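Dear colleague,

Please find the structure we discussed handed over below, with its sequence. A written account of the findings comes after it.

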Amino acid sequence: MHVPEEIRADAAALIDHHALGRWKPNDADRRVAVALFRFLETGLPLTGEQIRSALAHPAPADPVDERLVRLLHGTAALLDDAPVADGPAGRDAVDHVCLLLDALALSRPAEPSDR
């Protein structure tokens, strides 16, 4: 999946699920989001290579949520396709993914009883 509309919809759904408490990101989800959030703070654009690098180091005992992994792999593929990524739909999709990363990186860790 690297169709901008699908990426945008999936990112928006995860944002909503997180905001409503239906999805509680684990430590690995948060670590990936923080790594990418720190990269975004440099002011450089997000790249597919940066996403793949962040996904390459999850803790085995606490894997990254499959929905987040699929979304980020799709976003990496989208970013690799510059003409699509630079179009309005591509930019909107990436913006939604960045909003999700911000929300995850800035959220407090879930209590063990919350999961």
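The notes that follow go from the overall fold to individual residues.

**Basis of the model**

This is a predicted model, in which local features need a pLDDT of at least 70, side-chain atom pairs count only at pLDDT 80 or more, and totals for chains, interfaces and linings use all residues. Residues are numbered from 1 along each chain as its sequence is written, and side-chain values use heavy atoms, with hydrogens and water left out.

The pLDDT, which is the predictor's confidence in each residue on a scale from 0 to 100, averages 88 over the protein chain, and 89% of the residues score at least 70. Where pLDDT is low, the predicted coordinates should not be read in detail.

**Overall fold**

The protein chain contains six helices and zero strands, where helices (H or I, at least four residues) and strands (E, at least two) are DSSP runs numbered from the N terminus. Of its 115 residues, 43% are buried; buried means under 20% relative accessible area, exposed means over 50%, and partly exposed lies in between (1.4 Å probe, protein chains only).

H2 has 15 residues and spans 20 Å from its first C-alpha to its last, close to the 21 Å expected at 1.5 Å a residue (the expected span is 1.5 Å times one less than the number of residues). At the start of H2, a side-chain oxygen of Asn26 comes to within 2.9 Å of the backbone nitrogen of Ala28. After H2 comes Gly43, with a positive phi near 90 degrees. The buried residues of H2 include Val32, Val34, Leu36, Phe37 and Phe39, but also Asp29 and Arg30. The helices against which the buried residues of H2 pack are H3 (48-55), H4 and H6 (88-106).

The largest nonpolar core has 32 residues. Such a core is a set of buried Ala, Val, Leu, Ile, Met, Phe, Trp, Tyr and Cys residues joined through side-chain atoms within 4.5 Å. H1, H2, H3, H4 and H6 each give two or more residues to this core, and H6 supplies the largest share, eight residues. Leu36, Leu46, Ile51 and Leu72 have the most contacts inside the core. Leu36 touches Leu46, Gln50, Ile51, Ala54, Leu72 and Leu101, leaving aside residues up to four places away in sequence. In soluble globular proteins, nonpolar side chains tend to be buried together.

**Salt bridges**

Three salt bridges were found in a search of the whole structure, each being a side-chain nitrogen of Lys or Arg within 4 Å of a carboxyl oxygen of Asp or Glu.

- Asp92 and Arg8 meet at 2.7 Å, N to O. Because Asp92 lies in helix H6 and Arg8 in helix H1, the pair ties together parts that are 84 residues apart in sequence. Asp92 is partly exposed at 29% relative accessibility, as is Arg8 at 34%.
- Arg52 and Asp80 meet at 3.0 Å, N to O. This pair links distant parts of the chain, with Arg52 in helix H3 and Asp80 in helix H4, 28 residues apart. Arg52 is partly exposed, with a relative accessible area of 36%, and Asp80 is partly exposed at 48%.
- Arg67 and Asp65 form a salt bridge with their closest N and O atoms 3.1 Å apart. Arg67 is partly exposed at 31%, whereas Asp65 is buried at 19%.

**Two further residues**

Ser107 lies in the segment after H6 and is buried, with a relative accessible area of 18%. The side chain of Ser107 makes a polar contact with the side chain of Arg30 at 3.2 Å. A polar contact is a pair of N or O atoms within 3.5 Å; within protein, one must be able to donate a hydrogen and the other to accept it, and residues adjacent in sequence count only if both atoms are side-chain atoms. Ser107 also touches His18, with residues up to four places away in sequence not counted.

Gly74 lies in helix H4 (residues 66-80) and is buried, with a relative accessible area of 3%. Gly74 and Glu6 are 68 residues apart in sequence, and their C-alpha atoms are 9.1 Å apart in space.

With kind regards

Notes: Contact = heavy atoms within 4.5 Å.
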